[in-house]
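Here's a quick briefing for anyone meeting this structure for the first time. Have a look at it, then read on.

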Amino acid sequence: MKKIQRPLGIGALVLLMIGMYLVIQAPADFQQGNSVRILFIHVPSAKMALLTYIVLTISSIMFLWKRNETADIIADAAAPVGAAFTAVTLATGSIWGKPMWGTWWAWDARLTSMLVLLIIYMGLMALRNAMDDPQKGARATAVLAIIGAVDLPIIHFSVTWWRTLHQPPSFQGSKGGIHIAGPLLTPLLVMAVAFILLGAYLVTLKSREVAAQRDLAAKDADAAMEELHD
């Protein structure tokens, strides 16, 4: 992980700088005005909130299946990173919603399911920290993470399953529709790639921290056992 951490960090920084330059240079939207610039942070953050949870879920499955500690370390590291992206999504969405919808918050299906995702992230961190036995904590959080993955399709399809205040998806996937003008699409794509690299960098950085903390805790435990035997 150490080998890829620096390239990820440099790549994220460079693309963020390019992306922010393109965001500043982009024209104002004919309906949203300059409020549209908030979406260049909001949309990539939302995508990363979901992508990070997918990584967390896959890592949790691998841990329960293979008892792979590296998978548990990644799951442990992904939770705070995903929570941060989710919090940024909700905050920027609220800032954008005030001038566009006339309110900071609405119990809309998309907004509410996104809030549930933040609660799940926070719950995973709280549950792991509350368990005295690290192995029991790892298993419990892995099970909860897998159950919590049910929220992902609800978030993704909420704007098509229900009539919501949130606008329909800008990318229609297999239907081929992209409802974003070209001058706004380029900075959005650059920012999206920058956030992917940023998320990978943060998970890598946090994973190394978690691994170091576990190594230190194991050494402290061994030292304590040696003192008892002396």
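How many nonpolar, polar and charged residues are there in the lining of the second largest pocket? By class, that lining has 14 nonpolar, 5 polar and 7 charged residues, where Ala, Val, Leu, Ile, Met, Phe, Trp, Tyr, Cys and Pro count as nonpolar, Asp, Glu, Lys and Arg as charged, and the others, Gly among them, as polar.

Keep in mind that this is a predicted model, in which local features need pLDDT of at least 70 and side-chain atom pairs count only at pLDDT 80 or more, while totals for chains, interfaces and linings use all residues. Residues are numbered from 1 along each chain as its sequence is written, and side-chain values use heavy atoms, leaving out hydrogens and water.

**The second largest pocket**

- This pocket holds about 540 Å³ of space. (A pocket is an open set of points on a 1 Å grid over the protein atoms alone, where a 1.4 Å probe fits, with protein on both sides within 12 Å along at least five of seven lines; lining residues have an atom within 4 Å of a point.)
- Its lining counts 26 residues, and the closest to its centre are D76, R128, N129, V210 and R214.
- Two or more lining residues come from each of α2 (39-66), α3 (69-101), α4 (109-130), α5 (134-148) and α7 (182-229). (Helices are DSSP runs of H or I, at least four residues, numbered from the N terminus.)

**Aromatic pairs**

- There are 5 aromatic pairs, meaning rings of Phe, Tyr and Trp (its six-membered ring) with centres within 6.5 Å; planes under 30 degrees apart are stacked, over 60 edge-to-face and the rest tilted.
- Y53 and Y121 make an edge-to-face pair, because their ring centres are 5.3 Å apart and their planes stand at 70°.
- That pair ties together distant parts of the chain, with Y53 in helix α2 and Y121 in helix α4, 68 residues apart.
- Both Y53 and Y121 are buried (under 20% relative accessible area; exposed is over 50%, partly exposed in between, with a 1.4 Å probe and protein chains only).
- F157 and W161 are stacked, at 5.4 Å centre to centre and 20° between the planes.
- F157 is partly exposed at 35% relative accessible area, and W161 is partly exposed too, at 48%.

**Helix α2 and its end**

- α2 has 28 residues and reaches 40 Å from first C-alpha to last, close to the 40 Å expected at 1.5 Å a residue (1.5 Å times one less than the number of residues).
- R67 follows α2 and has a positive phi, near 55°.

How values were computed. Grid points are joined across faces, edges and corners, and a volume is the space filled by probe spheres set on the points.
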